[in-house]
Amino acid sequence: MASQEIEALASALARLPGLGPRSARRAVLWLIKRRETALTGLVDALATVRDRLVECPTCGNVDTTSPCGICTDTRRDARSLCVVEDVSDLWALDRARLFTGRYHVLGGRLSALDGVRPEDLNIARLIDRVAGGGIDEVVLAMNATLEGQTTAHYLAERLEGYPVRITQLAHGLPVGGELDYLDEGTLAQALRARRPIG
Ligand SMILES: [Zn+2]
């Protein structure tokens, strides 16, 4: 029977995506045995994330600066905007290093099933950014899921009438595919072959 503190840590870890109670307990043991090395590093990294990470008021990315490093990077093309569902998609696209513009994170996807409505997502700020001018192209990089595509079409409608080219990723992406799980080659191909939304 483990102590209360250890149980508390194990059940906190067990709530992480991909970790069940069993692997959480193994992780706790692993950390206890490496208290001075791995555990200290983990505690410091967690404290930094807790204390310093903020959501970018412009794009919805998370970073230690506000606005985020991408929004303030003058080497990036401010005329090109890539809209993604989640920060994990931004990371996936940015790892592929093909998109040199800026991003906009919606914070989810429209879903009748889960009751996610347009006003629940970071859409008003997207419209504001586009309405503010200086943007030539909006790439809708939603996941190849039904909800992702519904979201893309909704956004395309909302952006109609603004002087921007609206494109979406070429979906040689597997149906149901989430960007985060794609290898960089597939993602790069989808981005290169992006096409007007129809
Ligand atoms: Zn930003």
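## Tryptophan 91 and the surface

At a relative accessibility of 47%, tryptophan 91 counts as partly exposed; buried stands for under 20% relative accessible area, exposed for over 50%, and partly exposed for values in between, with a 1.4 Å probe and protein chains only. The model is predicted, so that local features need a pLDDT of at least 70 and side-chain atom pairs count only at pLDDT 80 or more, while totals for chains, interfaces and linings use all residues. Residues are numbered from 1 along each chain as its sequence is written, and side-chain values use heavy atoms, with hydrogens and water left out.

Tryptophan 91 belongs to helix H5, residues 87-96. Helices (H or I, at least four residues) and strands (E, at least two) are DSSP runs, numbered from the N terminus. Together with Val49, Leu53 and Val62, Trp91 makes a nonpolar surface patch of about 340 Å². Patches consist of residues with over 30% relative accessible area and no salt bridge; like charges are joined within 9 Å, and nonpolar side chains (Val, Leu, Ile, Met, Phe, Trp, Tyr) within 5 Å. Accessible areas come from the Shrake-Rupley method with a 1.4 Å probe, and for residues only the protein chains shown count as cover.

## Overall form

The protein contains eight helices and seven strands. Its C-alpha atoms fill a box of roughly 65 × 35 × 35 Å along the principal axes. Of its 198 residues, 37% count as buried. The protein exposes about 11,600 Å², of which carbon and sulfur atoms supply 55%.

Among contacts (heavy atoms within 4.5 Å) between residues at least 6 apart in sequence, 58% join residues at least 24 apart.

## The zinc site

The zinc ion is coordinated by the SG atoms of Cys56, Cys59, Cys68 and Cys71, at 2.3 to 2.4 Å. Donors are N, O and S atoms within 2.8 Å of the metal (3.2 Å for Na, K and Ca); water is not among the atoms, so sites may look incomplete. In sequence, the donor residues follow the spacing C-x2-C-x8-C-x2-C. Cysteine 68 is buried, because its relative accessibility is 0%, and cysteine 71 is also buried, at 13%.

The arrangement is tetrahedral because the four donor atoms subtend angles of 104 to 116°; four donors count as tetrahedral if all angles lie between 85 and 135 degrees. Ideal angles for four tetrahedral donors are 109.5 degrees.

## Salt bridges

Side chains of opposite charge can pair when their charged atoms come close. The whole structure holds 11 salt bridges, each being a side-chain nitrogen of Lys or Arg within 4 Å of a carboxyl oxygen of Asp or Glu. In one of them, arginine 75 meets aspartate 73 at 3.2 Å, N to O. Arginine 75 is exposed, with a relative accessible area of 75%, whereas aspartate 73 is buried, at 18%.

Arginine 109 and aspartate 86 meet at 3.0 Å, N to O. Arginine 109 lies in the loop between strand S4 (101-105) and helix H6 (123-131), and aspartate 86 in the loop between strand S3 (77-84) and H5, so the pair ties together parts 23 residues apart in sequence. Glu85, Asp86 and Arg109 are linked in a network of salt bridges. A further pair is glutamate 137 and arginine 194, whose closest N and O atoms are 2.8 Å apart. This pair links distant parts of the chain, 57 residues apart: glutamate 137 is in strand S5 (residues 137-140), and arginine 194 is in the loop between helix H8 (184-192) and strand S7 (195-196). Glutamate 137 is buried at 6% relative accessibility, while arginine 194 is partly exposed at 29%.

Methods: Four donors count as tetrahedral if all angles lie between 85 and 135 degrees; four count as square planar and six as octahedral if opposite donors are over 155 degrees apart and all others between 65 and 115; anything else is irregular.
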